[in-house]
Amino acid sequence: MLKYTTGTTSRLMSHSKIYSLKGGSRSISPLLQKRHASTKSIRTQSLPPSASVDILNKQRLLRPTSPHLAIYKPQLTSVLSIGNRGVGGALSVLLYGSSIAYLFFPGTFDGDYLIELASGLPDYVKYTAKTILAAPLAFHALNGIRHLFWDVGKFMTLRGVYQTGYAVLAGTAVSTIVLVLL
Amino acid sequence: MASSMLASSSRQALARRSPLFAKSPLVARPATTKSSDALYVPGGPIYKGTVNDPTTFPTPSRVHGSHHWSFERLLSASLIPLTGAAFVTSPSVHPVVDGILAVSLVVHSHIGFDSMLVDYVHPRKFPVIGRVATWTLRAATVGVLVGVYNFNTNDIGLTELISKVWHA
């Protein structure tokens with residue numbers, strides 16, 4: 001007769017439970033034996049409750065995301081909106097950069113030096129530079145006016161948004177030409 | 001009320017077994033006497049600090065809400081006549097117009113940059129980078145204001161520079 005010790009059962013014990021059943025001893029069903037044997041081979045690790053957030057974040061980094069910006073059709077609404085933010089940011093970077101440059105290096109970046117520098121450039125460089133400066137400014141100003149119209153409730157329809165959008169683009173082209181030739 | 005559905009004797013039996021069932025089970029109270037951060041409501045205790053926490057919202061404030069919005073729109077609207085005035089007025093008025101134009105442009109740029117930071121690196125999702133970027137922007141704006149003041153005072157000024165460089 002096999003002796004089964006209660007309490008802690010070692011691997012050896014479970015092994016004996018499965019394989020050394022003799023006649024006359026109590027038989028354990030095969031299902032129970034398999035389950036009992038497999039749970040004994042699992043090793044567990046104790047983690048604090050705060051580890052759940054770390055595990056979740058690690059998992060989230062591995063998850064794939066659906067495409068969004070890559071597949072959405074570019075439309076006048078979205079392109080003009082992000083374009084307005086982009087040119088506004090670019091112009092502000094220019095303003096911030098030149099002001100901080102003047103703050104730290106007033107000798108090198110003073111007004112006379114910049115005027116001299118500008119006059120010494122060839123004509124085509126001057127026209128290109130003027131276009132690069134005038135077009136964003138004109139677009140941002142005109143789109144800003146379009147935004148202000150929305151803020152008072154005007155042109156808040158799809159038709160109105162598209163009409164004002166095309167008007168802003170046309171106005172930008174005209175204003176850029178006017179400013180460059182000024 | 002659930003408590004009225006229980007017979008008084010079984011309620012007493014339950015009350016003896018656990019202090020939770022002494023009162024109505026529909027009132028929120030601590031899950032156990034030891035736990036400090038779990039609220040018990042029917043359905044299970046609510047634990048704070050897990051990934052199931054609802055998103056936080058900033059406290060409503062007119063200063064950061066409607067007043068900020070109105071100020072931003074009024075400033076943007078005022079920039080149009082201001083830039084026009086800067087280039088059509090006589091040079092004798094330039095220092096004053098330059099000063100107002102420069103400050104308005106810098107504040108307008110700061111509000112724009114701040115909106116970009118709030119949209120792309122919100123402190124709720126990016127606690128470190130968001131806050132670092134916000135304070136870096138504020139420091140940069142202060143530097144720009146000082147630089148622009150210096151340029152307008154010690155040098156030719158914003159409108160003069162733009163017109164001279166344009167016609168150089």
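Start at Phe155(A), in the loop between H6 and H7 of chain A; helices (H or I, at least four residues) are DSSP runs numbered from the N terminus. The model is predicted: local features need pLDDT of at least 70, side-chain atom pairs count only at pLDDT 80 or more, and totals for chains, interfaces and linings use all residues. Residues are numbered from 1 along each chain as its sequence is written, chains are lettered from A and ligands numbered from 1 in the order in which they are written, and side-chain values use heavy atoms, leaving out hydrogens and water.

Check the backbone of Phe155(A). Its phi is positive, about 60°, although the residue is not a glycine. Phe155(A) counts as partly exposed, at 36% relative accessibility (buried is under 20% relative accessible area, exposed over 50%, partly exposed in between; 1.4 Å probe, protein chains only).

**Helix H7 of chain A.** Select residues 158-180. At 1.5 Å a residue, these 23 residues should span 33 Å, and the end C-alpha atoms are 33 Å apart, which agrees. The expected span is 1.5 Å times one less than the number of residues. Color the buried residues, among them Gly160(A), Val168(A), Gly171(A) and Val180(A). Their cover includes H4 (76-104) and H6 of chain A, together with H6 of chain B.

**Helix H5 of chain A.** Move to residues 111-119 and pick Gly111(A), Ile115(A) and Ala118(A), which are buried. Seen down the axis of H5(A), the buried residues fall within an arc of 65°, so they line one face of the helix. That arc is taken from the directions from the helix axis to the C-beta atoms. What covers them includes H6 (123-151) of chain A, plus H5 (127-154) and H6 (158-166) of chain B.

**The interface.** Show both chains. Contact (heavy atoms within 4.5 Å) takes in 35 residues from chain B and 30 from chain A. The area buried between them is about 2,600 Å², with 71% given by carbon and sulfur atoms. Buried area is the accessible area (1.4 Å probe) lost by two parts on being put together, summed over both. Now select Phe113(B), Trp166(B) and Ala168(B): they supply 25% of the area that chain B buries against chain A, more than any other three residues.

Two salt bridges are found across this interface (a side-chain nitrogen of Lys or Arg within 4 Å of a carboxyl oxygen of Asp or Glu). Zoom in on Asp151(A) and Arg73(B), whose side chains meet in a salt bridge at 2.9 Å, N to O.

**Last stop.** Select His108(B), in helix H4 (residues 94-120) of chain B. His108(B) is partly exposed, at 24% relative accessible area. Beyond neighbours within four places in sequence, His108(B) contacts His140(A), Leu75(B), Ser76(B) and Leu79(B). UniProt, in an unreviewed entry, lists His108(B) for "binding site"; such annotations may be inferred rather than shown by experiment.

How values were computed
Helix = DSSP H or I, 4+ residues; strand = E, 2+ residues; numbered from the N terminus.
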